[in-house]
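Trainee: I would like to learn how to read the helices and side-chain pairs of a model. Please take me through one.

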Amino acid sequence: MVVAVPDLGYGAAPTEQPPQNDEELWKKYMSLVQMKKELEGSCMKKDELLHEAREALAEEQAKRETAEKEKRLLEKRCKMLQQKLETLETIFQESMAQMREEIKRERKNLLRGQNERIQRLEAQTKIMTGNKQHTETDCTPKIMENNDREDTSQPSWWPQICELLQELILLMVKFFSCM
């Protein structure tokens, strides 16, 4: 294959005719200067747009990072609150179990005390019916004395139960006030 290369030496023919006068040359020069200014203006606008786009992307990235930080902090706080809730729930269940046990013991003690009292009263009734010599007034002070002695010997668990309930309520109020 043969490639023909044009001769670009001194003998080459110009593609355009040279300008006829200085005025045409001046017009072409001014036209080129104007095109150069337009291109520079266009490049500057593109640079500004590129700069603004980069700033917008950087701002969006900063917002995204801030939102992710806040999300992580909220998730961490949520986990902490969940753990506190589980701890309070465990404490509440344990307190309820203790209170149930205390109530059972108190009920058992009260029933035992009532049974003992009934047995004493039955014994006293048998004694009273068996002994016709004693009058009713002689027995009454002894019965009253036994009743008074029984009431003071058994401490009540209700004040302790009330205190535990108050503590539980305070813990729950503290927990929910942290939320």
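Mentor: We will go through the fold, the helix packing and the aromatic side chains in turn. Keep in mind that this is a predicted model.

Trainee: How many helices and strands does the chain have?

Mentor: There are three helices and zero strands, in the order α-α-α from the N terminus. Of the 179 residues, 8% count as buried. Among contacts with a separation of 6 or more, 81% join residues 24 or more positions apart.

Trainee: What span should the 109 residues of H1 have?

Mentor: At 1.5 Å a residue, H1 should span 162 Å, and its end C-alpha atoms are 158 Å apart, which agrees. The buried residues in H1 are Leu81, Leu88, Ser95, Met99, Glu102, Glu106, Gly113 and Gln124.

Trainee: How is the packing of two helices described?

Mentor: Two numbers are used, the angle between the axes and the distance between them. Here H1 (residues 22-130) packs with H3 (residues 158-178) at an angle of about 170°, and the axes are 11 Å apart. Because an angle over 145 degrees counts as roughly antiparallel, H1 is roughly antiparallel to H3.

Trainee: Which residues make the contact?

Mentor: H1 contributes Arg77, Leu81, Lys84, Leu85, Leu88, Ile91, Phe92, Met99, Glu102 and Ile103. From H3 come Ile161, Leu164, Leu165, Leu168, Leu171, Phe175 and Cys178. By class, the contact has 14 nonpolar residues, three charged ones and no polar ones. Leu81, Leu88, Met99 and Glu102 of this contact are also among the buried residues of H1.

Trainee: How many aromatic pairs does a search of the whole structure find?

Mentor: The search finds one. The ring centres of tryptophan 26 and tyrosine 29 lie 5.6 Å apart with their planes at 35°, so the pair is tilted.

Trainee: Why do residues three or four places apart point the same way in an α-helix?

Mentor: An α-helix has 3.6 residues a turn, so such residues point the same way. Tryptophan 26 and tyrosine 29 are both in H1, three residues apart, which is about one turn of the helix.

Trainee: Are these two side chains buried or exposed?

Mentor: Tryptophan 26 counts as exposed, at 54% relative accessibility. Tyrosine 29 is partly exposed, at 46%.

Notes: Residues numbered from 1 in each chain as written. Predicted model: local features only at pLDDT ≥ 70, side-chain atom pairs only at ≥ 80, totals over all residues. Heavy atoms only, no water. Axes fitted to C-alpha atoms, helices over the stretch in contact; angles between N-to-C directions. Helix = DSSP H or I, 4+ residues; strand = E, 2+ residues; numbered from the N terminus. Parallel < 35°, antiparallel > 145°, perpendicular 65-115°, else oblique. Contact = heavy atoms within 4.5 Å. Nonpolar A, V, L, I, M, F, W, Y, C, P; charged D, E, K, R; others polar. Phe/Tyr/Trp six-rings, centres within 6.5 Å; stacked < 30°, edge-to-face > 60°. Buried < 20%, exposed > 50% of the residue type's maximum accessible area, 1.4 Å probe, protein only. Expected span 1.5 Å × (residues − 1).
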